Amino acid sequence: GDSGALRLTNVQTGHLKKGSYVIIKNRPTKVDSISTSKPGKHGSAKCHIIANDIFTGKKVEEISPSQASMQAPEVKRNEYQVNDIDGDFLVLWDEVDSCQIEHIRIGEDPVGQKIKEMHESGLAILVTILSAMGEEKVIEVKEDTKA
């Protein structure tokens, strides 16, 4: 499948708002806050962006002229049925492509813990996978009530 590794769009810095996805320091981030300073007598207005890495949660900052262009990653959220767990990896079913996905690792986080517990209880599970720039992360888990 295509993990959206190279799909980037340009976005004018001044058009970003809270919740926008933008690439800062080569990482996909989600804007937490943005403030614009007034233009100085020689320069243009500058935007001060505070964002969080969508995979690590790490806070990053960037200052960019409001007229400048920044890159926005294509971020996808897909829901998959969990068929099984193989060691540290999920065995997922992709209904769209009718194939199994076996390369997504269970995170060492509360979501990963919940997946293991639900799986051990024999529940049918759906996971939401966030993907951008060739990286993927399980961000949500819930019981599959339709199973």
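**Figure 1. Threonine 29 in strand 3 of a predicted model.** Threonine 29 belongs to strand 3, which covers residues 27-37; here strands (E, at least two residues) and helices (H or I, at least four residues) are DSSP runs, numbered from the N terminus. This is a predicted model, in which local features need pLDDT of at least 70 and side-chain atom pairs count only at pLDDT 80 or more, while totals for chains, interfaces and linings use all residues. Residues are numbered from 1 along each chain as its sequence is written, and side-chain values use heavy atoms, with hydrogens and water left out. With a relative accessible area of 0%, threonine 29 is buried, a word that stands for under 20% relative accessible area, as against exposed for over 50% and partly exposed in between (1.4 Å probe, protein chains only). A polar atom of the threonine 29 side chain lies 2.7 Å from the backbone oxygen of valine 22. When neighbours within four places in sequence are left aside, the residues in contact with threonine 29 include Ser20, Tyr21, Asn52, Asp53 and Val60, where contact means heavy atoms within 4.5 Å.

**Figure 2. The open sheet with the strand order 2-3-4-5.** This sheet has 4 strands with antiparallel pairing, and two strands are said to pair if DSSP finds at least two bridges between them. Strand 2 (21-24) and strand 5 (59-65) stand at the edges with a single partner strand each, so one side of each has no neighbour in the sheet. From one strand to the next, the twist averages 45°, with axes taken as lines fitted to C-alpha atoms (for helices over the stretch in contact) and angles running from 0 to 180 degrees between N-to-C directions. Strand 2 and strand 3 are joined in the antiparallel sense over 4 bridges, and tyrosine 21 has lysine 30 of strand 3 as its bridge partner.

**Figure 3. The open sheet with the strand order 9-8-7-10-11.**

**Figure 4. The largest nonpolar core and the contacts of valine 138.** A nonpolar core is a set of buried Ala, Val, Leu, Ile, Met, Phe, Trp, Tyr and Cys residues joined through side-chain atoms within 4.5 Å. The largest has 15 residues, of which Leu90, Leu92, Ile104, Ile115, Val127, Ile129 and Val138 touch the most other members. At least two residues of this core come from each of strand 7, strand 8, helix 1, strand 10 and strand 11. Not counting residues up to four places away in sequence, valine 138 touches Leu90, Ile104, Arg105, Val111, Ile115, Val127, Thr128 and Ile129. Another core lies apart from the largest one, with 11 residues, among them Val11, Ile24, Ile49 and Ala72.

Methods: Polar contact = N/O pair within 3.5 Å; in protein donor to acceptor, adjacent residues only side chain to side chain.
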